[in-house]
Amino acid sequence: DSAERKNEAKNYNEVMSTFPRVKGLNGYDYYLYQGFFYAPFFLEGLMAVQECFNPQSTDIFVASCPKTGTTWLKALTFAIFTRSRLSGSTTSSLLAKMPHDCVPLLEYDLAQNPSNRDLAIPLVSTHVPYSCLPKSIISSSCKIIYICRDAKDAFVSLWYFLARLQMSKNVEPLPLEEAFELFCNGIANFGPYWDHVLGYWRASLEFPEKILFLTYEEMKKDTAAHAKKLAEFMGCSFTLEEEEGGEVQKIISMCSFEKLSNLEVNKNGKHRLDTPIAIQNSFYFRKGEIGDWANHLTPEMGARLDDIMERKLKGSGLKL
Ligand code: A3P
């Protein structure tokens with residue numbers, strides 16, 4: 001099996017080497033594939049799952065562009081789902097494991113090995129754009145929950161994340177201005193950002209019962225309403241007794257930035273240990289605020305990205 005996987009990886013690498021490439025934001029090139037940019041290890045995984053992945057009919061995909069609230073959404077969906085279907089001890093694994101270790105990533109964890117998951121928990125995460133998802137997912141009845149965020153905050157969050165990652169390897173990060181220029185040109189892992197958002201937005205309009213479209217900002221403003229919406233969408237609504245017993249609030253508190261970022265595992269642990277992409281969990285928790293971009297970008301940079309987003313989203317009915 002392992003020899004077979006090595007051969008497949010080699011083949012994907014050969015195919016990838018024929019794709020257009022651009023300088024990425026963190027030291028290596030991104031490849032252009034089916035209209036989006038990818039870091040090599042994610043592209044390899046994407047090609048593998050496009051070819052081989054088969055979802056369970058009950059699977060629920062948690063989709064996002066990086067740095068838009070993935071960790072939070074994974075924690076919430078995991079906590080909501082496990083509270084009703086499984087014993088409390090599973091839910092509390094959020095206290096011992098980083099959310100990324102609770103919900104596997106399609107284009108990495110499952111691409112490496114489809115059995116890298118607990119089949120009793122039908123949650124799978126992905127950063128893959130809607131149009132590039134494996135056909136087996138698109139044609140299935142699987143539900144998808146998508147989260148996105150103001151592009152300026154997403155960019156600032158991304159820059160800090162990559163800078164921390166680079167510095168942890170003693171590599172000088174790309175200056176913010178240079179990274180911003182690339183981002184405005186659509187260059188980011190899984191970007192262009194606007195095309196990622198638009199793909200899921202349009203799909204959510206076409207299949208509203210299948211795709212739930214959320215924003216980080218809305219979820220911050222009324223987390224309780226969103227927790228209930230998530231539960232309903234996942235088919236595990238809170239009962240009246242649960243609501244009256246404070247279950248919604250309990251889950252929100254457990255998944256809050258304050259709670260998660262202060263857990264020992266998230267302060268000092270790493271996830272995907274023993275893989276080339278092992279990362280400090282703390283890098284996924286920075287500020288967790290809306291509008292922090294203004295502390296890092298000039299008003300002119302902000303206006304430029306707003307203008308790009310407005311033009312790209314024009315006519316779609318979506319305002320971010
Ligand atoms: P900031 O860098 O703006 O603080 P992702 O999970 O998609 O990688 O996104 C990371 C962003 O979500 C970071 O934003 C991070 O601080 C924020 N975040 C992480 N956990 C969160 C939580 N439980 N609640 C709210 N925001 C959270």
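Me: Which residues touch the most other members of the largest nonpolar core?

Reply: In this predicted model, the largest nonpolar core has 115 residues, and Leu43, Ile80, Leu123, Ile145, Phe155 and Tyr193 touch the most other members. Helix 8, residues 151-168, gives the most to this core, with 10 residues. In general, nonpolar side chains in soluble globular proteins tend to be buried together.

Me: What does Leu43 touch, not counting residues up to four places away in sequence?

Reply: Beyond those sequence neighbours, Leu43 touches Met16, Phe19, Tyr31, Tyr33 and Tyr38. Contact here requires heavy atoms within 4.5 Å.

Me: Why is Thr82 called buried?

Reply: The term buried requires a relative accessible area under 20%. Thr82 has 0% relative accessibility, and therefore counts as buried. Thr82 is found in helix 3, and its side chain reaches the backbone oxygen of Phe78 at 2.7 Å.

Me: Is Lys67 buried, partly exposed or exposed, and why?

Reply: Lys67 has a relative accessible area of 13%. Buried means under 20%, so Lys67 is buried. Lys67 lies in the loop between strand 4 (60-64) and helix 3. Its phi is near 75 degrees, a positive value in a residue other than glycine.

Me: Which residues come nearest to the ligand?

Reply: Of the 18 residues around the ligand, Lys67, Thr70, Thr71, Ser157 and Lys287 come nearest. A polar side-chain atom of Lys67 lies 2.6 Å from an oxygen atom of the ligand. For Tyr216, a polar side-chain atom lies 2.7 Å from a nitrogen atom of the ligand. Cys255 contributes a polar backbone atom, and a nitrogen atom of the ligand is 2.8 Å from it.

Me: How much of the ligand's accessible area does the protein cover?

Reply: On its own, the ligand has 560 Å² of accessible area, and the protein covers 98% of it. Two elements give two or more residues to the shell around the ligand: helix 3 (70-85) and helix 15 (257-261). Helix 3 provides the largest share, 3 residues. By class, the shell has 7 nonpolar, 7 polar and 4 charged residues.

Me: Why is Glu243 called partly exposed?

Reply: The term applies between the buried limit of 20% and the exposed limit of 50%. Glu243 has a relative accessible area of 35%, so it is partly exposed. Glu243 is found in helix 13, residues 240-244. Not counting residues up to four places away in sequence, Glu243 touches Lys228, Phe238 and Val248. The C-alpha atoms of Glu243 and Lys228 are separated by 9.3 Å, although these residues are 15 residues apart along the chain.

Me: What makes Gln34 partly exposed?

Reply: Gln34 has 44% relative accessibility, which lies between 20% and 50%, and therefore counts as partly exposed. Gln34 lies in the loop between strand 2 (29-33) and strand 3 (36-38). Its phi is near 50 degrees, a positive value in a residue other than glycine.

Me: What kind of peptide bond joins Gly191 and Pro192?

Reply: A cis peptide bond joins Gly191 and Pro192, with omega about 5 degrees. Pro192 is placed in the loop between helix 9 (176-184) and helix 10 (193-206).

Methods:
Residues are numbered from 1 along each chain as its sequence is written. This is a predicted model: local features need pLDDT of at least 70, side-chain atom pairs count only at pLDDT 80 or more; totals for chains, interfaces and linings use all residues. Side-chain values use heavy atoms; hydrogens and water are left out. A residue is near a molecule or strand if one of its heavy atoms lies within 4 Å of it. A polar contact is a pair of N or O atoms within 3.5 Å; within protein, one must be able to donate a hydrogen and the other to accept it, and residues adjacent in sequence count only if both atoms are side-chain atoms. Accessible areas come from the Shrake-Rupley method with a 1.4 Å probe; for residues, only the protein chains shown count as cover. Helices (H or I, at least four residues) and strands (E, at least two) are DSSP runs, numbered from the N terminus. Ala, Val, Leu, Ile, Met, Phe, Trp, Tyr, Cys and Pro count as nonpolar, Asp, Glu, Lys and Arg as charged, and the others, Gly among them, as polar. A nonpolar core is a set of buried Ala, Val, Leu, Ile, Met, Phe, Trp, Tyr and Cys residues joined through side-chain atoms within 4.5 Å. Buried means under 20% relative accessible area, exposed over 50%, partly exposed in between (1.4 Å probe, protein chains only).
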